[in-house]
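Q: Can we go through this structure together? I'd like the fold and the surface, then the charged side chains.

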Amino acid sequence: MRYKVTFVVGLALGYVLGTRAGRERYEELKKSARQLAQNPAVRNAAEAAGQTGREFAGKAFAAVSDKVGDAVPAGLAGRVRGLRGRGGGSEDEWGTSNT
C-alpha cells in the first residue's frame with residue numbers, strides 16, 4: 001500500500017511540475033531525449049541489452065518447453081512455434097493452419 005501511495009504522490013508531483021514548466025521546457029526535454037537516444041554509445045548499450053534479453057528469453061523458453069511441453073494440450077502446442085512438433089497435427093481445433 002505504501003508503494004501505491006508513493007507512486008500516486010510522485011505522479012501528482014510530476015504532473016504539477018510538468019504543467020508549471022510549460023511547453024518550452026517540454027520541447028527542451030524532448031530534444032534532449034532524442035539526442036540521447038541517437039547517441040552511438042546509448043544505441044550500442046540498448047542493442048546489447050536487447051540481444052542479451054533475447055538470448056535469455058530463448059533459453060528460458062527452451063527450458064520451459066522441455067519441462068512442460070508434453071503436458072501442453074495439442075491445440076495449444078500447435079499454436080506455440082517451439083512446441084509444434086510435440087502436439088497434434090499442423091491444424092488447430094478450428095481447422096486452420098498456424099504457419
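What follows is a short chat about the chain shown above.

Q: What kind of model is this, and how are residues numbered?
A: The model is predicted, with residues numbered from 1 along each chain as its sequence is written; local features need pLDDT of at least 70, side-chain atom pairs count only at pLDDT 80 or more, and totals for chains, interfaces and linings use all residues. Side-chain values use heavy atoms, leaving out hydrogens and water.

Q: OK. How many helices and strands?
A: The chain has three helices and zero strands, and its elements run α-α-α from the N terminus on. Helices (H or I, at least four residues) and strands (E, at least two) are DSSP runs, numbered from the N terminus.

Q: How much of the chain is buried?
A: Of its 99 residues, 7% count as buried. Buried means under 20% relative accessible area, exposed over 50%, and partly exposed in between (1.4 Å probe, protein chains only).

Q: And what share of the contacts join residues at least 24 apart?
A: Among contacts between residues at least 6 apart in sequence, the share is 0%. A contact means heavy atoms within 4.5 Å.

Q: Which residues make the nonpolar patch?
A: M1, V5 and V9 make a nonpolar surface patch of about 340 Å². Patch residues have over 30% relative accessible area and no salt bridge; nonpolar side chains (Val, Leu, Ile, Met, Phe, Trp, Tyr) are joined within 5 Å, like charges within 9 Å. M1 is in the segment before α1 and is exposed, at 76% relative accessible area.

Q: Switching to charges. How many salt bridges?
A: Three, where a salt bridge is a side-chain nitrogen of Lys or Arg within 4 Å of a carboxyl oxygen of Asp or Glu.

Q: Where do R23 and E27 sit?
A: They are four residues apart in helix α1 (residues 2-37), about one helical turn. R23 is exposed at 58%, while E27 is partly exposed at 31%.

Q: Which residue does E28 pair with?
A: R25, with the closest N and O atoms 3.1 Å apart. Both lie in helix α1, three residues apart, about one turn of the helix. E28 is partly exposed at 45% relative accessibility, and R25 is partly exposed at 39%.

Q: And what does R54 pair with?
A: E47, the closest N and O atoms being 3.8 Å apart. R54 is partly exposed, at 49%.

Q: Last one: what lies over the face of Y3?
A: R2, at 5.0 Å from the ring centre. A charge sits over a ring if NZ of Lys or CZ of Arg is within 6 Å of the ring centre and within 35 degrees of the ring normal.

Technical notes: Areas by Shrake-Rupley, 256 points an atom, 1.4 Å probe, with all protein chains shown as cover.
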